[in-house]
Amino acid sequence: MRVDRFCHTPCRQERLWLAGFRADQARRLCRWLRELKPEHARLSEVGLVRDVRGPFGLRRENQRADVKLTFYRSRITDVIRRSNDLRFSKVAEQTIAGIEAEARVDTGGFYIQVGATFMTTNKVCDESAAVMADSQEGCVPNCVKYGFPSGYLPTQATPKTSANWTVGGRFLDRRLDVGGRLIYHGAYDNPFFEHQVDLPWQQQIQSYAFNVPYTWATIVTADAYARFRVGDRLSAELVGTNLNNRYFADPLTRSLMPVPGRTVRVILTGRFRRSPEFRPRRR
């Protein structure tokens with residue numbers, strides 16, 4: 001179990017933009033800056049790790065079998081955000097919570113590893129921000145998923161569900177390691193944003209016009225690898241990524257550049273040892 005607390009004090013640029021700085025308002029600015037609250041994060045995590053080598057009959061030192069389950073929750077108050085007109089502002093709070101699970105079995109020759117994450121909560125709450133996002137219709141709730149449309153928090157969304165599966169084996173006295181990996185990311189899910197997109201253009205919130213969140217469909221990619229240890233100092237590796245040649249933008253990055261397509265790499269690694277007779281020349 002772990003509980004952490006952090007404070008982030010706005011930097012000088014954030015302070016000036018938060019205050020809407022103007023030269024004729026310096027006195028009000030100084031008073032406002034003294035009252036400015038920092039971001040305050042409260043992080044809690046509870047984990048359970050269990051050794052399950054017994055049920056699998058694994059007794060040797062190089063054999064592993066275990067499961068791990070983690071629950072996490074993060075609550076941040078006075079969150080600093082940036083709007084689509086490049087101004088900084090604050091929202092009351094953001095809460096992120098989820099579950100992570102991982103399991104592995106390694107017999108020394110054959111191994112398999114499975115991991116998954118499920119985000120149960122990612123919401124931002126602020127009554128004033130909800131009113132300002134749609135002051136005419138008032139259709140924006142006080143708490144929204146990922147963030148309000150007038151800020152850049154929605155563009156920081158991550159997949160609600162992700163999973164990976166790795167399986168492989170070691171051969172030739174553990175000199176050859178061959179395996180494959182499947183990676184899964186769930187599709188972008190934001191009911192409020194999807195509802196806005198389906199409305200006629202005249203009824204849509206205009207804040208989204210220059211601040212459209214990154215979205216993605218369900219993503220499944222396949223990788224494979226083979227590593228061969230030639231000797232004590234030389235090894236070769238053949239790696240293939242995105243073997244099913246999917247075209248998508250990685251949801252874990254903040255870029256709309258697509259990931260590389262089907263890629264195959266060959267890697268040679270050599271380690272050199274200096275001769276004991278070598279003596280560096282002194283100047």
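1. Strands here are DSSP runs of E with at least two residues, numbered from the N terminus. On that basis Thr166 belongs to strand 7, which covers residues 161-171. The model is predicted, and the points below should be read with that in mind.

2. Confidence comes before detail. Mean pLDDT over the chain is 82, and 78% of the residues reach at least 70. Strand 8 has the highest confidence in the chain, at 96, while helix 2 (residues 26-34) has the lowest, at a mean of 53. Where pLDDT is low, predicted coordinates should not be read in detail.

3. Back to Thr166. This residue has a relative accessible area of 11%, so Thr166 is buried, the cut-off being under 20%. Its side chain makes a polar contact of 3.5 Å with the side chain of Arg181. The C-alpha atom of Thr166 is also 9.3 Å from that of Ala224, although 58 residues separate the two along the chain.

4. Which rings form a cluster? Tyr146, Tyr188 and Trp216 do, linked by ring pairs. The structure has two aromatic pairs. In the pair formed by Tyr188 and Trp216, the ring centres are 5.2 Å apart and the planes meet at 75 degrees; the pair is therefore edge-to-face, since the angle is over 60 degrees.

5. The positions of these two residues deserve a remark. Tyr188 sits in the loop between strand 8 (176-185) and helix 5 (191-198), and Trp216 in the loop between helix 5 and strand 9 (219-229), so their pairing ties together parts 28 residues apart in sequence.

6. Are the two residues of this pair buried or exposed? Tyr188 is buried, at 8% relative accessibility. Trp216 is buried as well, with a relative accessible area of 12%.

7. The surface carries a nonpolar patch made up of Met1, Val3, Val46, Leu48, Leu69 and Phe71, and together these residues have about 630 Å² of accessible area. Strand 2 (39-51) and strand 3 (64-82) each contribute at least two residues to the patch.

8. Val3, one of the patch residues, lies in strand 1 (residues 2-8). Its relative accessibility is 55%, and Val3 therefore counts as exposed, the cut-off being over 50%. Thr166, by contrast, is buried at 11%.

Notes:
Residues numbered from 1 in each chain as written. Predicted model: local features only at pLDDT ≥ 70, side-chain atom pairs only at ≥ 80, totals over all residues. Heavy atoms only, no water. Phe/Tyr/Trp six-rings, centres within 6.5 Å; stacked < 30°, edge-to-face > 60°. Helix = DSSP H or I, 4+ residues; strand = E, 2+ residues; numbered from the N terminus. Buried < 20%, exposed > 50% of the residue type's maximum accessible area, 1.4 Å probe, protein only. pLDDT = per-residue confidence, 0-100. Patch = residues over 30% accessible without salt bridge, like charges linked within 9 Å, V, L, I, M, F, W, Y side chains within 5 Å. Areas by Shrake-Rupley, 256 points an atom, 1.4 Å probe, with all protein chains shown as cover. Salt bridge = Lys/Arg side-chain N within 4 Å of Asp/Glu carboxyl O. Polar contact = N/O pair within 3.5 Å; in protein donor to acceptor, adjacent residues only side chain to side chain.
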